[in-house]
Amino acid sequence: MSVSVCFYFQVHQPFRLRKSYNFFSIGPDHFYEDDQVNRGIMLKIAEKCYLPTNQLMLDLIKRYNGAFRISYSISGVILEQFQLYAPKVLDSFKALVDTGCVELINETYYHSLCFLKSKDEFKEQVFAHKNAIKRIFGVDCTTFRNTELIYNNELASEVEKLGYKTILAEGIERILGWRSPNFVYYPVSAPKLKLLLKNYRLSDDIAFRFSNRGWHEFPLTAEKYANWVHAVAGNGEVIGLFMDYETFGEHQWADTGIFNFLNALPEKILAHPDYRFQTPSEVAGNYSPVGPIDSVHYVSWADIDRDLSAWLGNPMQDSALEMAYALEGPVKNSNDPNLIHTWRKLLTSDHYYYVCTKWFNDGDVHKYFNPYDNPYDAYMVYINVLNDLKLTLKQRGIVC
Amino acid sequence: MKVLMFGWEFPPYISGGLGTACYGLSKQLAKKNVGITFVLPRIKGESQLQAAHDIRIIDGHNYLCEEIEEFRKKTSFFEKEISVNSPLRPYISYETYKEYLEKVKKFEKDSVLKMVHSYHGNFSIDFSGDYGEDLLSEVGRFAMIGRYLSQKEDFDVIHAHDWMTFLAGVEAKNQSKKPLIVHVHATEIDRCGEHGNQEIFNLEKYGMEKADKIIAVSNRTKDIIVQHYRINPNKVYVVHNGVDMEDTCYYDRNTRPFKDDKIVLYLGRITMQKGPDYFLEAANLVLQRIQNVRFVMAGSGDMTRKLIERMATLRIADRFHFTGFLGKSDREKLFAMSDLYIMPSVSEPFGITPLEAMRYNIPVIISKQSGVAELLTNVLKVDFWDVHRLASTIINILEKPQLKNSLTENNWEILKKMDWGIAAQKVLQIYQECVLAA
């Protein structure tokens with residue numbers, strides 16, 4: 001009985017807005033994004049994470065002759081930024097995909113929350129991403145994962161209708177009950193779809209706890225970690241290790257030893273004869289679902305709450321979301337591809353994440369690459385930009 | 001006449017009316033040949049500190065340090081200017097002082113740029129790193145500096161602006177035996193109603209009692225001084241503030257981005273005393289009735305976040321704008337862009353901003369609880385708490401051009417009488433009386 005280790009990495013960065021976009025900018029100034037900041041952050045992450053990690057992944061794939069296999073979801077907005085600022089990174093992803101050991105996963109092109117507000121927009125953004133992946137990498141995706149693993153029954157059935165075979169979600173007790181995340185399931189609303197769940201304990205051991213000196217398991221070696229993974233043998237079939245790609249070199253800096261860990265891990269895991277690496281669609285093809293998952297409410301992989309409260313729930317976030325989506329009709333009526341693209345980039349979930357007030361007094365993951373000092377600044381800039389967009393539409397005679 | 005003046009901030013960094021008043025008044029006094037030794041609490045490289053750390057929503061202008069120094073040189077009309085290194089600043093409270101002190105200490109530690117502090121013969125006293133743990137001990141430390149300066153400097157009278165400098169004034173008086181004038185721009189009663197800080201109240205009262213004469217910025221303030229602080233009314237003189245006409249900028253209203261919309265403006269600190277919450281609630285009521293109007297709230301303060309959340313809850317983010325703290329040129333531009341100015345203060349000793357708005361020939365609505373209401377006959381006055389009345393008054397003015405015209409037609413005549421020169425003349429007279437009596 002073999003066990004599959006399924007690595008999935010989220011690769012995404014938003015187009016951040018200009019912090020200085022203020023009341024006086026509304027009207028005369030239509031340049032919303034901070035090119036300098038976005039370029040700077042992209043170059044920094046490329047150097048610290050994307051380039052070295054991609055190189056290591058390529059080495060590992062070659063070293064194990066196809067036995068090391070991984071998957072990525074690369075958002076449309078980061079693909080654009082690779083093209084603009086770091087074409088080398090894009091080339092290195094292409095080289096990875098060309099090995100045949102890497103699966104690409106679809107998501108909404110703009111890494112947005114649009115499923116919550118507009119099913120039409122959701123479909124358009126999924127198609128946009130599908131087309132972009134096809135155009136750039138020449139592959140068709142059969143696996144889908146929604147922004148930040150936001151998931152519920154309704155989403156699963158919509159995704160099934162769009163023709164996907166596999167979907168990813170957070171393996172949280174709220175939807176699992178007593179059951180283990182280490183099996184393939186199916187959504188109660190979409191029985192043909194295979195549902196792969198994140199093993200959040202093992203995933204977060206790498207993504208969040210790896211360099212935590214206060215953690216009783218510190219320091220984490222590849223050997224120790226492989227032992228934990230091997231302990232699943234006999235009572236699980238698949239281990240979903242889902243995380244931000246920036247874990248390597250950025251959230252966990254190189255000097256924490258994260259690259260050495262990653263470099264040593266496949267050997268340790270493959271040392272067990274029953275263990276292998278598989279991509280999500282391979283897992284879906286190899287295992288039968290053991291039961292249904294019923295998720296009436298939304299779950300996600302964000303924060304300890306693992307719900308929507310990272311992006312929605314405070315009045316600023318809610319009013320911003322309402323105001324942005326109220327422009328959907330008017331923006332689309334403009335028939336101006338640039339304007340539509342600009343509006344869609346504003347839908348990227350990060351803009352809402354920055355307005356989160358949940359732990360605003362403590363340092364936390366909301367601070368990663370967050371250009372703002374506080375959620376109130378983030379909200380004001382976002383609202384100012386929406387007001388300018390509204391004014392632009394009005395000047396073109398479009399009612400909104 | 002020579003005066004040792006304990007004053008406050010100067011343009012282009014002005015956080016409120018106190019700085020504006022110090023500037024307007026001393027400029028006119030200098031024209032009347034009063035030699036002013038101006039003592040100013042200031043952090044070295046304050047402009048950078050402001051740019052780096054100020055609690056603002058959105059940066060106004062980030063002036064370069066050198067630009068500021070250049071500006072100050074050009075505009076300085078003092079005989080002597082003494083910068084005392086101190087984190088005291090206008091409108092600071094017990095809580096915000098501690099916050100600010102942390103920032104100052106961090107800034108001074110981090111700062112690699114050393115500013116040259118003495119220019120054209122002025123000097124600064126550096127007690128850095130030695131600041132008071134809390135606001136009152138810093139006020140005490142500043143008073144010791146005042147005492148020290150009074151031995152060194154040559155002057156006929158002492159003039160101290162607002163409570164944080166009163167103790168310095170009293171110490172200077174004790175040391176030099178020269179007469180002391182305290183200038184009351186606001187009291188703890190205005191800032192906090194009946195729930196103010198007792199120690200601050202006591203300090204204000206102490207300063208008023210020790211002073212030879214008191215200048216109040218309005219009859220309203222004089223009444224508070226007499227009733228709440230139990231001061232003999234005979235030593236309290238009312239000198240109304242003025243308005244600086246020179247600052248008025250030219251703005252082509254045709255270039256306004258919101259051509260179809262009227263703009264209703266609030267400009268001031270976003271604190272309880274100024275009643276910004278009443279402005280927001282009235283705005284919400286107006287927006288339920290008419291559409292082609294936008295509300296702008298300019299300024300920063302401890303209520304900002306609460307009000308942003310309230311605005312978001314009311315879902316009026318497409319009609320209600322926050323600008324954050326504004327520099328001088330943006331302030332002027334915003335006045336010029338506006339169609340109506342509102343000052344809904346809960347308790348306003350004077351209130352210069354309505355006068356500033358009137359320079360642009362726009363109508364103003366002020367609360368009855370403001371000192372400037374004594375002087376303005378052609379403005380509409382409402383109780384600060386009466387948001388329904390405020391809302392209907394806003395709609396009335398916006399929808400009836402003839403009302404707007406009748407409210408603004410005499411603006412220039414009124415403003416002419418609100419000259420800082422007139423205020424300076426009265427202050428000079430008070431100086432002279434003090435010197436004669438002494």
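A salt bridge is, throughout this tour, a side-chain nitrogen of Lys or Arg within 4 Å of a carboxyl oxygen of Asp or Glu. The structure is a predicted model, in which local features need pLDDT of at least 70 and side-chain atom pairs count only at pLDDT 80 or more, while totals for chains, interfaces and linings use all residues. Residues are numbered from 1 along each chain as its sequence is written, chains are lettered from A and ligands numbered from 1 in the order in which they are written, and side-chain values use heavy atoms, with hydrogens and water left out.

**Stop 1: the two domains of chain B**

Begin with chain B and colour domain 1 (2-242 + 419-437) apart from domain 2 (245-417); such bounds come from an automatic or database domain assignment. Next, select the residues in contact, that is, with heavy atoms within 4.5 Å. Domain 1 of chain B contributes 31 residues and domain 2 of chain B contributes 31 residues. About 2,400 Å² is buried between domain 1 and domain 2 of chain B, and carbon and sulfur atoms give 57% of that area. Buried area here is the accessible area (1.4 Å probe) that two parts lose on being put together, summed over both.

How many salt bridges are counted between domain 1 of chain B and domain 2 of chain B? The count is one salt bridge. Select B:Glu246 and B:Lys27 to display a salt bridge whose closest N and O atoms are 3.1 Å apart. The rule also finds 10 residue pairs in polar contact across the interface of these two domains of chain B (both residues at pLDDT 80 or more). A polar contact is a pair of N or O atoms within 3.5 Å; within protein, one must be able to donate a hydrogen and the other to accept it, and residues adjacent in sequence count only if both atoms are side-chain atoms.

Now show the secondary structure on the domain 1 side of chain B. Helix 1 (17-31), helix 7 (188-192), helix 9 (219-229) and helix 17 (420-437) of chain B each supply at least two residues to the side that touches domain 2 of chain B. Helices (H or I, at least four residues) and strands (E, at least two) are DSSP runs, numbered from the N terminus. Helix 1 of chain B gives the most to this side, with four residues.

**Stop 2: from chain B to chain A**

The contact between the chains takes 27 residues from chain B and 29 residues from chain A, and the area buried between them is about 2,200 Å², of which carbon and sulfur atoms give 65%. Three salt bridges are counted between chain B and chain A. To view a salt bridge, select B:Asp318 and A:Lys390, whose side chains meet at 3.0 Å, N to O.

Which element of chain B gives the most to the side that touches chain A? Helix 11 of chain B does, with six residues. By class, this side of chain B has 13 nonpolar, three polar and 11 charged residues. Ala, Val, Leu, Ile, Met, Phe, Trp, Tyr, Cys and Pro count as nonpolar, Asp, Glu, Lys and Arg as charged, and the others, Gly among them, as polar.

**Stop 3: the two domains of chain A**

In contact are 41 residues from domain 1 of chain A and 33 residues from domain 2 of chain A. The area buried between these domains of chain A is about 3,000 Å², with carbon and sulfur atoms giving 64%. Select A:Leu17, A:Tyr32 and A:Tyr110: in domain 1 of chain A, these residues lose the most area to domain 2 of chain A, together 22% of what that side buries.

Five salt bridges are found across the interface of domain 1 and domain 2 of chain A. For a salt bridge in chain A, select A:Glu121 and A:Arg344, whose side chains meet at 2.7 Å, N to O. The rule finds 20 residue pairs in polar contact across the interface of the two domains of chain A (both at pLDDT 80 or more).

**Stop 4: a sheet in chain A**

Finally, select the open sheet of three strands in chain A, which has the order 4-5-7 with parallel pairing. Its edge strands are strand 4 (143-144) and strand 7 (194-198) of chain A, each of which pairs on one side only. Two strands pair if DSSP finds at least two bridges between them. Five bridges join strand 5 (residues 166-170) of chain A to strand 7 of chain A. Select A:Thr166 to find its bridge partner in strand 7 of chain A, A:Lys194.
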